[in-house]
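The entries below follow the order in which I checked them.

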Amino acid sequence: RYKIKGKRKVTDKLAKVRLKNGIDHYVLIHTEFQHQIHDDFPKRMLVYRSLIFLRYDVEDISAIALFTGPAPDKTHLFYHRNTFGTELTYRYHCYVAIEQQEQVLIQSDNPVALAMLAMQYAEKTLGKPEERLGYKKALFELAAQKGIEREQLIKLLIFVRDFVRLPQKLENEFERDVFDHYLPVPVPMQMSQGTKNFADKLYER
């Protein structure tokens with residue numbers, strides 16, 4: 001979080017990780033939830049990178065842009081400006097959820113893979129609520145089979161519930177069908193009232 005021009009800029013996630021060689025490294029992860037990518041997306045990625053440098057004086061950063069919807073245009077995958085021979089190019093890693101192989105994600109033991117599947121299924125079932133209901137149930141069943149630690153599981157289930165949205169009638173049907181499968185422990189977090197009600201029902205099981 002950094003203030004510039006009277007506004008506060010907030011990155012999605014800036015993580016400090018320890019590499020296998022023992023060196024600390026920063027990873028900037030930006031998640032783009034918009035169905036259509038705005039033309040200023042590369043500029044925003046550059047701004048995030050610049051603000052981190054100004055705030056923390058960190059030069060070695062790996063940036064990852066995670067696209068939850070359709071694949072972006074190639075012009076959104078990097079920032080470039082050429083002003084009278086002065087050039088600036090900023091490239092970052094891009095990860096498009098719908099371009100990942102579904103079976104690879106299903107077989108993965110990484111909880112993030114289930115989040116990627118949720119993004120895929122949400123995109124492929126736009127305007128198809130009945131089909132989306134089936135995919136949503138399948139995601140919860142898959143999560144239960146993975147043996148994920150309960151604290152991670154409840155966070156993952158809440159993400160799936162909120163990301164793969166259903167009409168209220170189908171959402172109620174979904175909740176009735178799957179609640180008996182889970183017994184999570186409470187995890188304090190900020191959430192909407194709808195999500196809180198959903199989580200409270202999970203905790204009661």
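I began with Asp-57, which counts as exposed because its relative accessibility is 58%; exposed means over 50% relative accessible area, buried under 20%, and partly exposed in between, with a 1.4 Å probe and protein chains only. I noted that Asp-57 has a positive phi near 55°, in a residue other than glycine, and that Asp-57 lies in the loop between helix H1 (41–56) and strand E5 (61–67). Helices (H or I, at least four residues) and strands (E, at least two) are DSSP runs, numbered from the N terminus.

For provenance, I recorded that this is a predicted model, in which local features need pLDDT of at least 70 and side-chain atom pairs count only at pLDDT 80 or more, while totals for chains, interfaces and linings use all residues. Residues are numbered from 1 along each chain as its sequence is written, and side-chain values use heavy atoms, with hydrogens and water left out.

I then turned to Phe-84, in the loop between E6 and E7, where phi is positive at about 50° although Phe-84 is not a glycine. At 87% relative accessibility, Phe-84 counts as exposed. The hairpin has 2 residues between its strands, and 6 bridges join E6 (residues 78–83) to E7 (residues 86–91), which run antiparallel; strands pair if DSSP finds at least two bridges between them. I found Thr-86 in E7 as the bridge partner of Thr-83.

Lastly I looked at the whole chain, which holds 7 helices and 8 strands, and of whose 205 residues 37% count as buried.
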